[in-house]
Amino acid sequence: GAARRALEARRLDGLVKRYELGDSRVDLYLEEMHVDKETCIEFNVTREHDVRSLQAANSEVFEYYAPERKGSVATSYVVEEYLAPDLEPVDTVNPPIDPV
């Protein structure tokens, strides 16, 4: 789906060495990261179930051969729903409130 296409594009860009998709996780393998430089890898995912109270996702990074060297961060995501290719996305997390 959308995640696989986006991740394959990141692999072809050279940002990701390889990736693995699991039931509720995405594992990214990077060749290198620098402590003095921010690393950001964007990709799309498709929501399969209607979830009401979305929680922040936890991202962890660690060295493959030295897993004790690690870090983590919790990140909130914006959920957009595309109704058709020519329509604007609709924010389904914070939908607009109609005046009464």
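A salt bridge here is a side-chain nitrogen of Lys or Arg within 4 Å of a carboxyl oxygen of Asp or Glu. By this rule the count comes to six salt bridges. The model is predicted: local features need pLDDT of at least 70, side-chain atom pairs count only at pLDDT 80 or more, and totals for chains, interfaces and linings use all residues. Residues are numbered from 1 along each chain as its sequence is written, and side-chain values use heavy atoms, with hydrogens and water left out.

**Fold and surface**
- The chain has one helix and six strands, taken as DSSP runs (helices H or I, at least four residues; strands E, at least two) numbered from the N terminus.
- Along the sequence the pattern reads α-β-β-β-β-β-β.
- Of the 100 residues, 8% count as buried (buried means under 20% relative accessible area, exposed over 50%, partly exposed in between, with a 1.4 Å probe and protein chains only).
- The accessible surface of the chain is about 9300 Å², and carbon and sulfur atoms hold 49% of that surface; areas come from the Shrake-Rupley method with a 1.4 Å probe, and for residues only the protein chains shown count as cover.
- Among contacts (heavy atoms within 4.5 Å) between residues at least 6 apart in sequence, 21% join residues at least 24 apart.

- Arg11 and Glu8 pair at 2.5 Å, N to O. They sit three residues apart in helix 1, which means a separation of about one helical turn. Arg11 is partly exposed at 34%, and Glu8 is partly exposed at 25%.
- Arg18 bridges to Glu20, with the closest N and O atoms 2.9 Å apart. Arg18 has a relative accessible area of 38%; Glu20 has 34%.
- Glu63 bridges to Arg69, again with closest N and O atoms 2.9 Å apart. Glu63 is partly exposed at 36%, whereas Arg69 is exposed at 52%.

**Arg4**
- Arg4 lies in helix 1 (residues 2-13). Arg4 counts as partly exposed because its relative accessibility is 46%.
- Leaving out residues up to four places away in sequence, Arg4 touches Tyr19 and Leu21.
- The C-alpha atoms of Arg4 and Glu20 are 9.2 Å apart, across 16 residues of chain.

**Nonpolar patch**
- Leu21, Val26 and Leu28 make a nonpolar surface patch of about 180 Å². Patch residues have over 30% relative accessible area and no salt bridge; like charges are joined within 9 Å, nonpolar side chains (Val, Leu, Ile, Met, Phe, Trp, Tyr) within 5 Å.
- Leu28 belongs to strand 2 (residues 26-29) and is partly exposed at 30%.
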